[in-house]
Amino acid sequence: MIDSNHQGIVASREHLVHALYEAAELEHNLMCTYLYAAFSLKSGDSEGIAAEDAAVVERWRQAIVGVAIEEMGHLIAVWNITSALGAAPRFGRANFPLDIGYLPASIVVKLAPFNAHTLQHFIFLERPEGSNEPDGEGFTVERNFTRSGHEVRLTPIAIDYETVGTFYLSIKDSLIKLVNQYGEATVFRGDPGLQIAGGMFGFNDVKPVICLKTALSAIDAIVTQGEGSQSESANSHYQRFVGIRTQLASLMQAKPDFKPGYPAATNPVLRRPPRPEGKVWLEDTTAVAVVDLANACYGLMLRFLAYTYSLSSTRNADKSLVLDIGIGLMRAMTLLGEQAARLPAGPSNPHCNAGVSFTALRDAAAFPVGTAAEAYFLDRLHELEVAAKQLALNALPRCERAAAMISKLVQQAEARFRSAPAAASTNANINDTQPTIAKTEQPPGNGGVEIVTTKDIEIRFQGERCIHSRFCVTGAPNVFLANVKGPWIHPEAMPTDKLVEVAHACPSGAIQYSRFDGKPNESAPPVNLVSVREAGPYAVRGELVLNGQPAGYRVTLCRCGASKHKPYCDGSHHDVGFSATGEPTSTTTDMLPVRDGTVDIQPETDGPLRIQGNIEIISGTGRVVGRVTSARLCRCGGSQTKPFCDGTHAKIGFKSG
C-alpha cells in the first residue's frame, strides 16, 4: 500500500509509462481471469442445470462477460493515455499464475473455474478502498512482502498499493505533477489518431485522450466502473459480483449440491511445467487441440490490437478492419474456451476438466505498418483456419461455430489486404450484329442469375436479391415484362442510356449490367450510404464486399430477422408485421475525412451485420443518423438501440442460418 511517506510515482514520463504498463497488464490479467470463470459456467438442463436455475446462471455468465468486456475498455483507456504521452502501448503480460512479486502481495492472479471461492476473489480484487472484504479461499498470498521502499530513484520501480483504485489515484497524481512541471502541450504530444476511441469501434465509453482533463476523466471512469462506491454505484464491477454472490448463496442454501460450473483446471498448461505446483498439465488430445487453437486466436488478437495502435485515423477503414478482426478472434476464442472447460484434462488429473490457458506471446509489440505485416496476418489466419476446420471434424458444436467464425475472418482479411483482382474484360470485340441472347446460369429465385445480352449491354438479374420494389417493371415496362411465361427481360426495347438509369434505381442490386458500347459501367457513389428504411431493410450503396466477395454497388439487407435469403431482404418484413422506425435518433458525429472507398459487410453467425468502411448512416428521409468507419447493425429485429446492435440476438436465440 502507499503510506504517507511514500513518494508514489515519480513525476517523469518514463516512470509514468512504467506505471501505465503495469496498469495495462493488471486490466489484461483480470479480463482473462473473469473470462475463464465465465467459460466454465454450465448452460441449461442439457448440462445438468434445472430449467428454473438455467436463466439465473445465464445472467451470471452475461454479467461476468460484461465485466470482462468493460475491463477491455479499461485496458484501451490505459493504452490511450500511454499513446497520448507519446509511448507505445504494451500488449504483453506474464503467464498464469503470476509469480510472487509481479504485483503487490495483496493481488493474486490465477485462472480458476467459477465457484464461491473464485467469486469472492473477484469481489476482493474489485473492492473499494476501505472495504473489509476477505479474499477467496485458495487465493491467499504465500507470504507478505514489499515491492519497493521509500527511495526515489531514476530507474522506475513498481510501487505497492492496497487496491486497484489506490494505484490509479497515484497515476492521476503523477499526471497532474507532470503537467504542472512541463505544461500540457509538452506532456500530451502523442498523435490522437493512433488511439482507439468512440462508438465506431464498439467501445462507446472510451474517449480519446488529448489533454489532462480527458486523461483524468478516463481514469475516473475506470475506478468508478471497476470498483465504485458501496452505496452509490450499483452497476460497478464490485456490486455486480456481490449481487451474484447473494444469488449463489440463496441457491446453495436451497440446493446444497447445486454446481453451476464445470470443474475446469486451475492454471492449465500445455507442456509439463518445470514448477508443477498449482498447475494442471493438459494431456487429453482433443482438449489440447482446442486449447492450442484458443491460445493461437488469443495471441493473434493481441497482434491485431497492437497493429491498430500503429495505424493513424487517416487510415480509419484499415484501423477499423484490424480491430474488428481482433475482436472476432476473441469471439472465436470464447467458444473454444467454453469447449475446453467441457473436456477432460487427462489421466494425470481425473478430478478436473481442461481450460484455455491464455498463453502469452513472448512479445506482442506492434509490427511495422505495411504489406509485410498484412501478409503475416493472412498467413497466420490461414493457419488458424486449417486447424479450426480439422477440429470441427470432432462434431463439437462450439468448435464448429468457431471454425465458421475464423473462416469469415479470413475472407474479411483477404478482401482488404490483398490487391483487388484485375478488372473484368469489357468484351469490346463483341460482334455488333449479335442478337439478344438469354441464358440462365442457375434457376432464378434460388440464388441463380439470369443473363440477357445484346450488342450494347448485358443485363444480369439475381432473383435472390430482389425485394420487388418494382422500379424495373414501372420504369421500363417494355424491358422487364411482369407476369409472363418464358423470356421476360428484353434490353433491346429501350435505349441503353435510359436502361442504365433504371438499373441504377434498383435498390437491391438484383439488376446489374455491363456495357459494350464504349461508355462507362456503373461506378461507386461519391459517398457510401446505409439508409434505414421505415419498417424495412437497410439499403446500402458503395463499393460493396459481402462475405469477402464483390457485391456491386447496391444491396438491401434484412433487419427484421425473418428473411429466408439472409443476409438479403426478401420482403418478409411485410409478412411478419415488422415495426421499426426509419427515423432513428441522430448521434453527434464529425464529417469523415474520406467518404467513399470499399464497404466491407460481414454478417456475423447468429449475430449482427458488421460493416466497415467510410459510411454515412441516414434515415429514410435522408437525415444523417451517424458517420462511422465501423458499425454493428441489428439484423435480428429485436435491438432496443436500432439500427445498432445491443446484443438482443443472443438473448432471443436469433439464427442467421
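**Cavities, helix pairs and a glycine**

The count comes to 2 cavities of 30 Å³ or more. A cavity here is a set of points on a 1 Å grid over the protein atoms alone where a 1.4 Å probe fits but cannot get out. Grid points are joined across faces, edges and corners, and a volume is the space filled by probe spheres set on the points.

Before going on: this is a predicted model, where local features need pLDDT of at least 70, side-chain atom pairs count only at pLDDT 80 or more, and totals for chains, interfaces and linings use all residues. Residues are numbered from 1 along each chain as its sequence is written, and side-chain values use heavy atoms, with hydrogens and water left out.

The second largest cavity holds about 40 Å³ of space. Its lining, meaning residues with an atom within 4 Å of a point, consists of Ser 106, Ile 107, Phe 124, Leu 125, Arg 127, Glu 162, Thr 163 and Val 164. By class that is 4 nonpolar, 2 polar and 2 charged residues. Ala, Val, Leu, Ile, Met, Phe, Trp, Tyr, Cys and Pro count as nonpolar, Asp, Glu, Lys and Arg as charged, and the others, Gly among them, as polar.

Next, the helices. Helices (H or I, at least four residues) and strands (E, at least two) are DSSP runs, numbered from the N terminus. How do H1 and H3 pack? Helix H1, residues 13–39, and helix H3, residues 116–125, pack at about 155°, with axes 11 Å apart. Axes are lines fitted to C-alpha atoms over the stretch in contact, and angles run from 0 to 180 degrees between N-to-C directions. H1 and H3 are therefore roughly antiparallel, a label for angles over 145 degrees. Leu 30, Thr 33, Tyr 34 and Ala 37 of H1 meet Thr 118, Phe 122 and Leu 125 of H3, where contact means heavy atoms within 4.5 Å. That contact has 5 nonpolar, 2 polar and no charged residues.

The other pair is H2, residues 51–84, and H6, residues 212–226, packed at about 160° with axes 10 Å apart. H2 and H6 are therefore roughly antiparallel as well.

Last, the glycine. Gly 561 sits in the loop between strand S11 (554–557) and helix H14 (572–575). Not counting residues up to four places away in sequence, Gly 561 touches Lys 566, Arg 635, Cys 636 and Phe 654. Gly 561 and Leu 216 are 345 residues apart in sequence and 42 Å apart in space, C-alpha to C-alpha.

Note on methods:
1 Å grid on protein atoms, 1.4 Å probe; cavity = no way out; pocket = protein on both sides within 12 Å on 5 of 7 lines; lining within 4 Å. Parallel < 35°, antiparallel > 145°, perpendicular 65-115°, else oblique.
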